[in-house]
2 protein chains.
Amino acid sequence: MKLPRAVQNLIEKFEKLPGVGPKSAQRLVFYLLHNPDHELEDFAQKLLLLKKNTFLCDICHNVSETNPCSVCDDPTRDENILCVVEHPLDVLALERSNSYKGKYHVLHGSIAPLNNIGPDQLFLHDISKRFNGVKELIIATNPTMEGEATALYITEYLTQQKGFDVENIIISRIGHGLPIGADIEYADGVTLSRALEGRRKI
Amino acid sequence: MKLPRAVQNLIEKFEKLPGVGPKSAQRLVFYLLHNPDHELEDFAQKLLLLKKNTFLCDICHNVSETNPCSVCDDPTRDENILCVVEHPLDVLALERSNSYKGKYHVLHGSIAPLNNIGPDQLFLHDISKRFNGVKELIIATNPTMEGEATALYITEYLTQQKGFDVENIIISRIGHGLPIGADIEYADGVTLSRALEGRRKI
């Protein structure tokens with residue numbers, strides 16, 4: 001016995017999503033089978049509108065409803081600080097922390113040679129176009145191998161650019177160490193060594 | 001900063017799916033944002049076709065491309081045995097085992113008073129219409145509280161029906177015990193007690 005073609009087709013679509021295995025895909029599709037027709041139509045409609053009604057901001061490349069996005073367009077935000085992140089969701093997380101009032105630059109990934117992603121596949125080289133008046137560049141890529149490599153590449157690339165003002169622009173890396181609420185006992189060695197390196201006078 | 005409306009809408013749709021939390025829904029939608037337009041159109045199309053191109057078989061209530069379904073319509077399958085399961089995926093699992101050649105009856109759920117699901121919300125009472133020539137009824141609902149309650153209800157309901165031939169129709173419950181490959185050491189008490197009850201002479 002085979003599954004109906006329409007069911008199998010949708011299972012294959014769900015299987016392609018990250019973190020959804022064949023079993024979860026089956027469960028999701030059979031769940032949807034019990035949904036009323038108008039729910040499925042609504043779901044389909046929202047899939048179609050996803051890319052039609054969103055833009056990548058030409059300045060920071062964040063996903064937005066407008067172009068330029070609301071952050072780039074906001075005169076109250078500090079134009080002197082630029083925070084470089086990997087993904088749009090990283091912007092959301094930083095905004096949620098309510099502790100950053102500068103502007104962003106979204107790379108849309110990190111340098112990962114194993115996945116054939118080099119600097120040219122990212123919105124990386126145009127950071128250098130955004131240096132008008134910028135005093136600090138915070139590199140907030142993830143503390144993973146790819147994120148660290150990307151941070152290193154950005155630093156080297158920018159300092160080699162003509163017109164890069166080494167004396168007046170600070171390039172910094174977001175702080176690494178123990179997350180709040182963590183237990184030193186269970187922290188891994190690399191995190192602890194980074195936490196010691198990043199210690200601050202109290 | 002807020003997420004674009006189109007992104008938020010789709011996240012809400014994904015959040016409604018079973019086992020998909022707010023974080024996974026976000027990740028899925030941002031993954032889809034990097035998909036080409038035709039992929040999203042294809043996904044939407046397949047959602048729309050899901051219910052249009054599938055039917056519930058009028059006889060066994062399994063999800064199918066045809067009505068009656070391929071199992072009910074197959075003259076080589078044994079009409080004398082009927083296996084009652086909770087979900088269409090259970091049929092698939094039993095078919096995969098290649099050890100059952102009878103027909104099925106899909107309840108589409110189990111009796112769960114806490115979720116307001118009683119016998120009337122299931123395809124349960126019409127099992128009695130399928131007794132023409134049936135010699136055995138295997139109740140293969142899940143070995144959970146709801147599944148056991150459903151099995152008990154079916155047994156009591158059917159034996160009270162007029163025309164139910166107690167002497168010639170066997171009602172059986174699928175075997176419970178240790179799954180193949182399991183370790184007695186780690187088996188829970190209920191499973192072990194069921195395994196002892198269900199012991200067979202070798």
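**Pro68(B) lies in the loop of chain B that runs between β2 (63-64) and β3 (81-85).** Strands (E, at least two residues) and helices (H or I, at least four) are DSSP runs, numbered from the N terminus. The model is predicted: local features need pLDDT of at least 70, side-chain atom pairs count only at pLDDT 80 or more, and totals for chains, interfaces and linings use all residues. Residues are numbered from 1 along each chain as its sequence is written, chains are lettered from A and ligands numbered from 1 in the order in which they are written, and side-chain values use heavy atoms, leaving out hydrogens and water. The peptide bond from Asn67(B) to Pro68(B) is cis, with omega near 0 degrees.

**In chain A, a cis peptide bond links Asn67(A) to Pro68(A).** Omega is about 0 degrees. Pro68(A) belongs to the loop between β2 (63-64) and β3 (78-85) of chain A. Most peptide bonds are trans.

**Asn98(A) has a positive phi, near 55 degrees.** This residue is not a glycine. Most residues other than glycine have a negative phi. Asn98(A) occupies the loop between α4 (88-96) and β4 (102-106) of chain A.

**Phe14(A) and Phe43(B) form an edge-to-face aromatic pair.** A search of the whole structure finds six aromatic pairs over all chains. Rings of Phe, Tyr and Trp (its six-membered ring) pair if their centres lie within 6.5 Å; planes under 30 degrees apart are stacked, over 60 edge-to-face, the rest tilted. For Phe14(A) and Phe43(B), the centres are 5.2 Å apart and the planes are at 85 degrees. The pair crosses between chains. Phe14(A) comes from helix α1 (residues 5-15) of chain A, and Phe43(B) from helix α3 (residues 37-52) of chain B.

The same surface serves both: 100% of the contact residues of chain A (heavy atoms within 4.5 Å) recur in chain B.

**The largest pocket holds about 630 Å³ of space.** A pocket is an open set of points on a 1 Å grid over the protein atoms alone, where a 1.4 Å probe fits, with protein on both sides within 12 Å along at least five of seven lines; lining residues have an atom within 4 Å of a point. The volume is the space filled by probe spheres set on the points, which are joined across faces, edges and corners. Of the 26 lining residues, Asp90(B), Ala140(B), Thr141(B), Asn142(B) and Pro143(B) are closest to the centre. α4(B) contributes most to the lining, with five residues.
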